[in-house]
Amino acid sequence: MTDHTHGERGSTADAPPEVWTGSATNRVQWLLAPAGALCLALGIELAVDNMWTSGIAPLAMSVVGCIAAGLLILFGTLAFVHVAVKVDKDCLEVRCGHMGLPRRRILLSHVEGADFAQVVCPRQWGGWGYRTRPELGTAVVVRRGEGLVLRLGDGRKFTVTVDDAEAAVRIIRDRLTPAKRPTA
């Protein structure tokens with residue numbers, strides 16, 4: 001049996017975790033997947049069963065249009081129905097969708113501060129997905145709710161909707177250099 005006194009490294013109750021992970025999901029976006037699959041199936045059906053008498057050009061445009069619309073809707077649904085955030089000792093990494101694409105990696109050395117946003121609304125960003133607004137910055141929005149806002153060294157902001165964003169803010173603030181830590 002080992003006896004530990006206060007202040008030794010044996011106590012991990014107050015120590016932040018080595019790696020913090022969080023995620024957010026929007027199940028409502030799955031309702032768009034059947035529309036994308038339907039457009040894709042219609043494009044394939046048109047390509048296979050071409051009974052058009054008005055020429056090849058209208059048929060080709062219809063096939064390409066349906067397949068492109070279907071793929072865009074399916075990719076948009078799969079890419080932004082889920083977001084995973086990881087904070088380690090060096091960086092914050094955001095991976096969208098179940099494939100992890102698109103992804104963004106921000107070094108903590110480039111972060112000036114981190115703030116908790118009680119409500120991040122897709123309407124303020126112009127919808128779901130990877131969004132850029134000059135007056136607000138850049139965001140990954142998969143649902144309405146709490147989020148994490150990073151103030152970057154170049155004056156821009158990066159926002160991501162994630163569950164338990166307050167914990168992420170605490171961990172990021174703990175890992176910022178002492179000169180960048182908030183005084184309050």
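Me: In this predicted model, which residues does F158 touch, leaving out those up to four places away in sequence?
Reply: The structure is a predicted model. Leaving out residues up to four places away in sequence, F158 touches L92, V94, R104, I106, Y130, T138, V140, L148, V149, L150 and L152.

Me: Which members of the largest nonpolar core touch the most other members?
Reply: This core has 29 residues. Nonpolar side chains tend to be buried together in soluble globular proteins. The members that touch the most others are L92, L148, L150, F158 and I172.

Me: Which element gives the largest share of this core?
Reply: With six residues, the largest share comes from helix 4.

Me: Is L148 buried or exposed?
Reply: L148 lies in strand 8. Among the residues L148 touches are L92, F158, A168 and I172. Buried means under 20% relative accessible area. L148 has 0% relative accessibility, so it counts as buried.

Me: How many Å separate the C-alpha atoms of L148 and A167?
Reply: Along the chain, L148 and A167 are 19 residues apart. Their C-alpha atoms are separated by 9.6 Å.

Me: In what order do the four strands of the open sheet run?
Reply: The pairing is antiparallel. The edge strands, each pairing on one side only, are strand 1 (20-25) and strand 4 (103-107). The order is 1-2-3-4.

Me: Which residue is the bridge partner of V85 in strand 3?
Reply: Strand 2 (residues 82-87) pairs with strand 3 (residues 91-96) in the antiparallel sense. Five bridges join this pair. The partner of V85 is V94.

Me: How far apart are the end C-alpha atoms of helix 1?
Reply: Helix 1 (residues 33-48) has 16 residues. At 1.5 Å a residue, they should span 22 Å. The model agrees, because the end C-alpha atoms are 23 Å apart.

Me: What arc do the buried residues of helix 1 cover around the axis?
Reply: The buried residues are A33, G36, L40, G43 and L46. What covers them includes helix 2 (56-79). On the other side, P34, L38 and V48 are exposed.

Conventions. Residues are numbered from 1 along each chain as its sequence is written. This is a predicted model: local features need pLDDT of at least 70, side-chain atom pairs count only at pLDDT 80 or more; totals for chains, interfaces and linings use all residues. Side-chain values use heavy atoms; hydrogens and water are left out. Two strands pair if DSSP finds at least two bridges between them. Helices (H or I, at least four residues) and strands (E, at least two) are DSSP runs, numbered from the N terminus. A nonpolar core is a set of buried Ala, Val, Leu, Ile, Met, Phe, Trp, Tyr and Cys residues joined through side-chain atoms within 4.5 Å. Buried means under 20% relative accessible area, exposed over 50%, partly exposed in between (1.4 Å probe, protein chains only). Contact means heavy atoms within 4.5 Å. The expected span of a helix is 1.5 Å times one less than its number of residues.
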